[in-house]
Amino acid sequence: MSTAFEPVRIGRHTARNRVVMAPMTRNRAYGPGGSPTELMATYYAQRADAGLIVTEGTQPSPIGQGYLNTPGLHAPEQIAAWKVVTDAVHARGGLIFAQLMHTGRIGHPSLNQLSATPVGASAVRADGSVRTATGPADFVTPEPLDDKGIQRTVEDFADAARNAVEAGFDGVELHGANGYLLHQFLATGSNRRDDEWGGGPEGRIRFPVAVVEAVAAAIGADRVGLRISPSNPYNDISEDDHRETYTALLAAIDPLGLAYLHVAEGPDVDFTPQLRQRWSGTLILNPFTPGAYTGPDALRHVESGASDLVSFGALFLANPDLPERLRAGAGLNAPDYSKAYGGDHTGYTDYPTLN
């Protein structure tokens, strides 16, 4: 039986423990052109005792931005600023992957540097709204990507992965979950295409597979993870055949030898063991906890063998020294969600540690 405090291989790396800091958007990339700041370096370095840190969603291209003050990895100033972050984490012996997140139809023209209409799999508007500089704004109908646009987006992901390595990251996680662009291609509700990029599961997985393959070729498969969230309706996603779709997806990418698969579990929790069986590599689980956040009891998934690592979001937000607290069975700080998105150091780098 494994425990959460034993080392584990993640691709070419060895993680010191099996407690993962999940990616969390914090909207504090106030540097030039959406660059990280010294404050962000402090934030991530504080949490370097994690077995693995996965950064907040980071756009691989200007059109991939869907929220205010989120960082990018597509410009020289962003690469240089991220290097300050990775150096700070490595100075404390940490392991850090950049999450590459193209938000697709989730966003608004006022939120990307091009003032362009967001893109998506099909011209299907997501129900909901997003916060802009002038207040809430409804999502807009996206511009469907044509063949050239799809190829350009694939190249954007590969270029951003190369930029991540240049910035000192140990690898990248591709965000194929939570209703963003890769997930929009996977899902029947947002992908209404009748060409080779849509239709049945084999067509709908084609774009995400192309991105995974391109990024793996660019930086090495053992530095690439993929996050998925089967059956998760977040961001107005509907999936009529998620079991067939994700079975086909794993069959296509498992032979590549990726660093890990990160499952953000959805309501169909009975499907998770099937994913575990079909995935031959390292698996990270973010358990389904509706109305709550992942708590210390989630470590049982490592002990039972249901996953190799467990990722924590809210508890890592509020507890910089979370692995130490979990190991000691110590008390936990409660997250202040009023300070989660944007702002200064309060609710960001001022949470107390045990010491």
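N69 has a relative accessible area of 32%, which makes N69 partly exposed, since buried would need under 20% and exposed over 50%. The model is a predicted one. N69 sits in the loop that joins β4 to α2. Apart from neighbours within four places in sequence, N69 is in contact with N27, R28, A29 and Y30. A133 is 64 residues from N69 in sequence, and their C-alpha atoms are 10.0 Å apart in space.

Helix α2 covers residues 76-91, and its 16 residues should span 22 Å at 1.5 Å a residue; the end C-alpha atoms are 23 Å apart, which agrees. Its buried residues are Q78, I79, A81, W82, V85, T86 and V89. These residues lie on the same side of α2, because they cover an arc of only 170 degrees around the axis. On the face of α2 turned away from the buried side are the exposed residues P76 and A91. The cover over the buried residues of α2 includes α1 (38-46), β4 (52-58), β5 (96-100) and α3 (147-166). Just after α2, G93 has a positive phi of about 80 degrees.

α3, one of the elements covering α2, also packs against helix α6, residues 206-219. The axes of α3 and α6 come within 9 Å and cross at roughly 35 degrees, and the crossing is right-handed. On the α3 side the contact is made by I150, T153, V154, F157, A158, A161, R162 and V165, which meet F207, A210, V211, A214, V215, A218 and I219 of α6. By class, this contact has 13 nonpolar residues, one polar and one charged.

α6 itself has 14 residues and reaches 20 Å from its first C-alpha to its last, close to the 20 Å expected at 1.5 Å a residue. Buried in α6 are F207, P208, V209, V211, V212, V215, A216 and I219. Besides α3, the elements covering the buried residues of α6 include β10 (171-176), α4 (181-186), α5 (201-204), β11 (224-228) and α7 (242-253). After α6 comes G220, with a positive phi near 100 degrees.

How values were computed:
Residues are numbered from 1 along each chain as its sequence is written. This is a predicted model: local features need pLDDT of at least 70, side-chain atom pairs count only at pLDDT 80 or more; totals for chains, interfaces and linings use all residues. Side-chain values use heavy atoms; hydrogens and water are left out. Helices (H or I, at least four residues) and strands (E, at least two) are DSSP runs, numbered from the N terminus. The expected span of a helix is 1.5 Å times one less than its number of residues. Buried means under 20% relative accessible area, exposed over 50%, partly exposed in between (1.4 Å probe, protein chains only). The arc is that of the directions from the helix axis to the C-beta atoms. Contact means heavy atoms within 4.5 Å. Axes are lines fitted to C-alpha atoms, for helices over the stretch in contact, and angles run from 0 to 180 degrees between N-to-C directions. A crossing is left-handed if the near helix is turned anticlockwise from the far one by less than a right angle, and right-handed if clockwise. Ala, Val, Leu, Ile, Met, Phe, Trp, Tyr, Cys and Pro count as nonpolar, Asp, Glu, Lys and Arg as charged, and the others, Gly among them, as polar.
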